[in-house]
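Please look through the structure shown below before reading on.

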Amino acid sequence: MTTTSATSTPTTAPAAYGVTPARVVRAEWHKIRSLRSTRVTAATAAALVVTVALVMGGTYTSEGGDSDIDPVVLVLMGTMLSQICLAVLGILVTAGEYASGSIRATLTAVPTRLPVLWAKAAVFAATAFTLSLATALAAFPAAHLLLADTDKAASLLDDGVLPALVGSSAGITLVALVALALGALLRSVPGALGAFIGGVVIVPEILGALPYEAAETALRHFPTQAAGALGSSTPLPGAASPGAALLALVLWAAAALAAAAVSLKHRDV
């Protein structure tokens, strides 16, 4: 009687898929582009900038009282509104996950936690900057078609125009990153929105009312004031220099993200 020994075929274990920064970034990119709030907020921000630009271009006259306004500042006044839209979106990117409870699944998949915050910040910053710059590049020429016969006629190739458009987009992005960090720090959409409005809008108004030179100097380096200094093709009187304004905004965003990182690392979900 012949005994046949069965030859077992070794099974190959499925390859392990580890958590890498690139995969976390990809996951956050899928999240932000699939949310309806992203599309609605982005469309609203872009529409506000273009609409205000066309209104300013269509209603401006050389005999009016706005002859001393920088042509880029005149056209991009709508960025003050789009900045609020993108700040809300930044808060929703972080605090919105706490509101829905999906943050538990996210941090279970990425137990080290901090890569989630960095990925959210990177994806959101790229999205906000690209949207802001594309909108500015569309709004500026469109408005200046209406300004062709005025003293504010300008083109994208004029001195200081392109740097101002890029600077405006960078300023909006960095201010919105502060909002994103507040959402991660406070874990509440209403709370983060209130903190953003209070810190970015109300506190500067209070500082501006104080009759002290130190308060005036500090005010120049607050987020919205610094962002305004970046979005002008000519130096603004009483504003920080573009280099100082950019440094101030980077420090604001870095400090807010660092506080959010400490909170994320040491607090329970």
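**Helices and the residues between them**

In this model, which is predicted, helix α7 (residues 161-186) packs with helix α8 (residues 189-208) at an angle of about 135°, and their axes are 8 Å apart. That angle makes α7 oblique to α8, and the crossing of the two helices is right-handed. On the side of α7 the residues that meet the other helix are V175, A179, L182, G183 and L186, while α8 brings G191, A192, A195 and F196 to the contact. Sorted by class, the residues in this contact of α7 with α8 are 7 nonpolar and 2 polar, with no charged residues.

One residue of this contact can be followed further. A195 has its place in helix α8, and it counts as partly exposed because its relative accessibility is 30%, a value that falls between the limit of 20% for buried and the limit of 50% for exposed. When its neighbours within four places in sequence are left aside, A195 is in contact with L182 and L186.

Although R187 is not a glycine, it has a positive phi of about 60°. Is R187 buried or exposed? R187 has a relative accessible area of 13% and is therefore buried, since buried means under 20%.

The phi of R113 is near 70°, which is a positive value in a residue other than glycine. With a relative accessibility of 16%, R113 counts as buried.

Helix α8 also packs with α4, at an angle of about 145° and with the axes of the two helices 9 Å apart. The crossing of α4 and α8 is right-handed. From α4 the contact takes in A87, V88, I91, L92, A95 and G96, and from α8 it takes in V189, A192, L193 and F196. By class, this contact of α4 with α8 has 9 nonpolar residues, 1 polar residue and no charged residues.

Helix α4 spans residues 79-100, and T79 is found in it. T79 is buried, because its relative accessible area is 16%. A polar atom of the side chain of T79 lies 2.7 Å from the backbone oxygen of L76. Which residues does T79 touch, not counting residues up to four places away in sequence? They are V49, S168 and I172.

Another threonine, T224, lies in helix α10 (residues 223-230). T224 counts as partly exposed, because its relative accessibility is 25%. Apart from its neighbours within four places in sequence, T224 is in contact with Q83, V175 and V200. T224 and A245 are 21 residues apart in sequence, and from C-alpha to C-alpha they are 9.8 Å apart in space.

The last pair of helices is α1 and α6. Helix α1 (residues 21-34) packs with α6 at an angle of about 55°, and the axes are 9 Å apart, an arrangement that makes α1 oblique to α6. As α1 passes α6, the crossing is right-handed. The contact is made by V24, V25, E28, W29, K31 and I32 of α1 together with P115, V116, A119, K120, V123, F124 and T127 of α6. The residues of this contact of α1 with α6 divide into 9 nonpolar, 1 polar and 3 charged.

Helix α1 also holds R33, which counts as partly exposed because its relative accessibility is 45%. R33 and L76 are 43 residues apart in sequence, and the distance between them in space is 26 Å, taken from C-alpha to C-alpha.

Methods: Residues are numbered from 1 along each chain as its sequence is written. This is a predicted model: local features need pLDDT of at least 70, side-chain atom pairs count only at pLDDT 80 or more; totals for chains, interfaces and linings use all residues. Side-chain values use heavy atoms; hydrogens and water are left out. Helices (H or I, at least four residues) and strands (E, at least two) are DSSP runs, numbered from the N terminus. Buried means under 20% relative accessible area, exposed over 50%, partly exposed in between (1.4 Å probe, protein chains only). A polar contact is a pair of N or O atoms within 3.5 Å; within protein, one must be able to donate a hydrogen and the other to accept it, and residues adjacent in sequence count only if both atoms are side-chain atoms. Contact means heavy atoms within 4.5 Å. Axes are lines fitted to C-alpha atoms, for helices over the stretch in contact, and angles run from 0 to 180 degrees between N-to-C directions. Angles under 35 degrees count as roughly parallel, over 145 as roughly antiparallel, 65 to 115 as roughly perpendicular and the rest as oblique. A crossing is left-handed if the near helix is turned anticlockwise from the far one by less than a right angle, and right-handed if clockwise. Ala, Val, Leu, Ile, Met, Phe, Trp, Tyr, Cys and Pro count as nonpolar, Asp, Glu, Lys and Arg as charged, and the others, Gly among them, as polar.
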